[in-house]
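Trainee: I am new to this structure. Please show me how to read its features.

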Amino acid sequence: MFPTSSSPRGVRRRRTGLLVLLRFQLLQADAPRWVRVGLAIAAANPVWAADQSIGATAVLVGAGVPVLVDPSFHGYADQRVAAIAVQPDGQILVGGRFSQLAPTQYTGVSGVPRQAIGRFSPDGVPDPGFNPGVGAQVECLLLEPDGRIMAGGRPSHLVRLTSDGQLDPTSVAMPTGYAYALLSGPGTARYAGGNLRRVDATTTEGLVRLLPEGSPAPEFQPLPAATVRSLCPLPDGSLVAGGDFGFFPSNGRKHIARVAVDGTLDEAFKPDLFELVSVVLCQPDGKLVVSGRVKTGSLSLAHLVRLNPDGSPEPGFDLMPSGTGLSSDVFSLALQADGKIVVGGSFTELGGQRRKNLARLNADGSIDPDFDPGAEGGNYPGVYALALQEDGRILVGGDFLSLGGEARYYIGRLTNTDPATHELTYDGSTVSWFRGGTSPEVWRVTFEVSADGENWMLLDPPARIEGGWELSGVVLPEGGMLRARGFVSGGQYNGSNWFVEDLLGAPVWVSQPESRSNEFGTTATLSVRVGGTGPFSYQWQRNGVSLVEGGRISGTQSPTLRLEDVHAVQAGDYTVTVRNDFGSVTSEPAMLTVLDPLIRVQPVSQQSGVGRSVTFAVGAIGSEPLGYQWWKDGAPIPGATAVLLKLDDLQAGDAGEYSVVVSNGLQSATSDSATLDVAEVPWIATQPVTQIVDVGQTAALSVEAYGAPPLGYAWHRDGVPLEDGGNVAGAHAATLELAVATDTDHGQYTVEITNAYGTTVSAPAILAVNSASPDPGFDARVSSGPMAMAVQPDDRLLLGGSFSKIGEVSQARLARLNVDGTLDTAFAPQADQAIHALAVQADGKILVGGWFTTLGGASRSYLGRLNPDGSADAGFAPDFDRSVEALLVQPDGKILVAGSFRKIGEADRSGLARLNPDGSLDPYVAPSLFRGPFTMALQSDGKLLVGGREDQIKSAYLNYLPATPRPVASRRHSGLGVRSGIGTTDSPRFRRWHSRRTARSFSPASLAWWAASNTGTSPG
């Protein structure tokens, strides 16, 4: 039946403020006309799509809304996106260098691993079932008419996948080299371009035509040793190849060539303009938009030009992308049906206008002033891939972190400034497909007819007409369907290709509802997509009964059914019937499973001993009321019908597997099994704990054990049994106590626990008796941490740093403490900046290094010497240009100096030098340690150890003190007379510690190491 109508007019206003006019045309009964109209309106928020209706032509008034980032697309990647292809069902194939899609740190949604290729749903959610992982980098994608997918890239891969992402075993080509572009031609023709040198066992030359099984056609070799980056298809089946093949000028082609179907070169097409071609875009009028490098004087600069069909440049169409340096270029072009061209690349200016890597040209080549979203950030900032969706929205991929001023990582989607229109009509003889606005322009179109919506017959190629494509003499069977497909290019170098389609006729399934399982209380959604002639009506059913709107159910007459707060009563088989004026289809059943009741907290396995108690618990939600039944070893436990199961006075027979069944009268759920182990042999619940006590304190080691009584205990120290008496109590009890800890109590303790069934030995515990404690007679309070120390022969202590007080006495940067820690007030030399290094000579004089320029009232550049009374040594005044960080006095009196200096007087010295006892420079020692070490020490064999930051010490081999210095990567630590780091606390003080004995003392860290070395375990 064919539709007829009168010609009413309707006017509707949308919330966007745009005026939509719908004009319904008169259809005569003797000239039946089928119409499939699609209209997408790009607006700020939300994005609106006009209703699909039979016999409707849409006209948009008030177009030209701002281009914005589409908030409904949530796709992200963790590295560059270089290839994009859009499936007819709206799913988006992507390829590039990424290893994850939608990473957690960007979206708050768990990221999924995807190696170089993946697929997004229309709203940007990664497809969980599509994970081919074909290679390290995908450069191009091809969506074939049968739904299979080809992917090409590097290193050396060119593969074909099934529609669900599995490797197609019947058609695989293994190339040598890279693949940059893939193209689907008429029939079964497939093309691959790159720097391909071999495909399988066949030698190739950069451009190959692939046979259906994936091997190259040996007779098709048009370009010797070429690197092809871009393939541009022409309607007659020929193609234009662009790339880098100017180093073979004998064929007369410089970086661009036109190739016939049989592989021969078009002799009339010889543009002599380019040094390199990156992208070629074919327009419907036969003109070519080309991005490449053009020789300008002595420079090869990026240009975007348009060529006439004969290869001559179009006057006035020459734009130069520019940016930082000469690396600016255009990497992707997308042609709209209205003739406008979206441009992506790496540039900050295009045609003299500021544009950040993304722009659009009007049909005449001028810059579109209404299009300036910008894409910024990334390691190599730029837009590398563009793709126009059928609704006019623009997918943008590349290396960027911001799109349109919003955070978008490597991929995003933009709304468009104008509507996208496409209209498929049939009047009983002629099929017409009109495309306009921001719809993607197609370079080849096919029309197909089907009687059942499953098997399609290809019709003759349609002719290009103004605004679309047309084919006459078409006879459509009663109840049959028409399908129009248009082939689109995009992505990096426009090397990716896919197709858009429109259907005319009865509804046909694009995607049916899928079975799903939902937890109790969550929201379940079931969705379908159909093709055919709209408008469509929908009716959802559950178990064959039509659903009605209301309560927790919505969308019963829409493509998406929404069930909120699902319970067990909503489980069942769901179908949907879709109707239009030409027929109806009912989907296959999709089963909704509702986990009701739902066990959220499972019982936990436990281990215990005879005589103890245990409790098993379960946490469940679901439709009330909930009932519980506990089971042991597959049998119900009488009376165990509560949430908790408590077992007292455990015996060996209580061991087994425990589970619980939770039910609500509709469904039930069984928990995981929890194992109960009941030990008859002594079983240790709590092991003895390693600890440190001071001499004189009480030490206690305990164990908690269970098992068949009675239990016997025997404690051991270092393997030797202990007995009660003297310092020891509880040698045969659960707790061992040492009343007054002494040095002899230090050791490794274990306890043997015995009953009639056997013996269990505890894990070893270390008892460390700490014999080191602060000297109570020495407590010097310093206002901030000292940076250097040195001990004089009379045991008085020199301190240097950035402090300003010792106790309550003002003492700036340099002080001397008496043996009891009190301040020597007679010693007050002062320095104007921090002291970093101190050393005492054999004659009692004091060497001082740091950041100062005055010391003891005298001018001294970063190094000075004081007499024992603190006065400046007038005869010692070396001239350093930067700080001294470490000092060391050799046995012969010569002085080693390290720091960040570069010069001493007029002599170059980088980081390390040696002075004579009088302060003059030793000319025979001139190492280069970059900025020098922070600490030094002399070995007994005369070798010098130096330490500092790894990035500031450069290896050197020095012939003095008969040895070589050894750079040591460390922080500031030193020995006597060298700069050393002394930590500070909230109340800084400097203390002296003493040892009551010479036996070892332990810090917690060293104790852990000692325990590990003695027990064979890791300290963690």
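This is a predicted model: local features need pLDDT of at least 70, side-chain atom pairs count only at pLDDT 80 or more; totals for chains, interfaces and linings use all residues.

Trainee: How many disulfides does the structure hold?

Mentor: Look for two cysteine sulfur atoms within 2.5 Å. The structure holds one such disulfide. Cys232 and Cys282 form it, with sulfur atoms 1.5 Å apart.

Trainee: Which strands do Cys232 and Cys282 lie in?

Mentor: Cys232 belongs to strand β20, residues 227–233, and Cys282 to strand β23, residues 274–282. The pair therefore ties together parts that are 50 residues apart in sequence.

Trainee: Are Cys232 and Cys282 buried or exposed?

Mentor: Buried means under 20% relative accessible area. Cys232 is buried, and Cys282 is buried too. Cys140 is also buried, at a relative accessible area of 0%.

Trainee: Now Tyr191. Where is its place?

Mentor: Tyr191 sits in strand β16, residues 190–194. Its relative accessibility is 3%, so Tyr191 counts as buried.

Trainee: Which residues does Tyr191 touch?

Mentor: Leave out residues up to four places away in sequence. Among the contacts of Tyr191 are Leu183, Val208, Phe220, Leu231 and Val261. Leu231 is 40 residues from Tyr191 along the chain, yet their C-alpha atoms are separated by 8.6 Å.

Trainee: Last, the hairpin. In what sense do β79 and β80 pair?

Mentor: Strand β79 (residues 786–791) and strand β80 (residues 797–801) are antiparallel, with five bridges. Val791 stands opposite Leu797 of β80.

Trainee: What lies between the strands of this hairpin?

Mentor: Five residues lie between β79 and β80. In this hairpin, Asp795 takes a positive phi near 75°.

Key:
Residues are numbered from 1 along each chain as its sequence is written. Side-chain values use heavy atoms; hydrogens and water are left out. Two strands pair if DSSP finds at least two bridges between them. Helices (H or I, at least four residues) and strands (E, at least two) are DSSP runs, numbered from the N terminus. Buried means under 20% relative accessible area, exposed over 50%, partly exposed in between (1.4 Å probe, protein chains only). Contact means heavy atoms within 4.5 Å.
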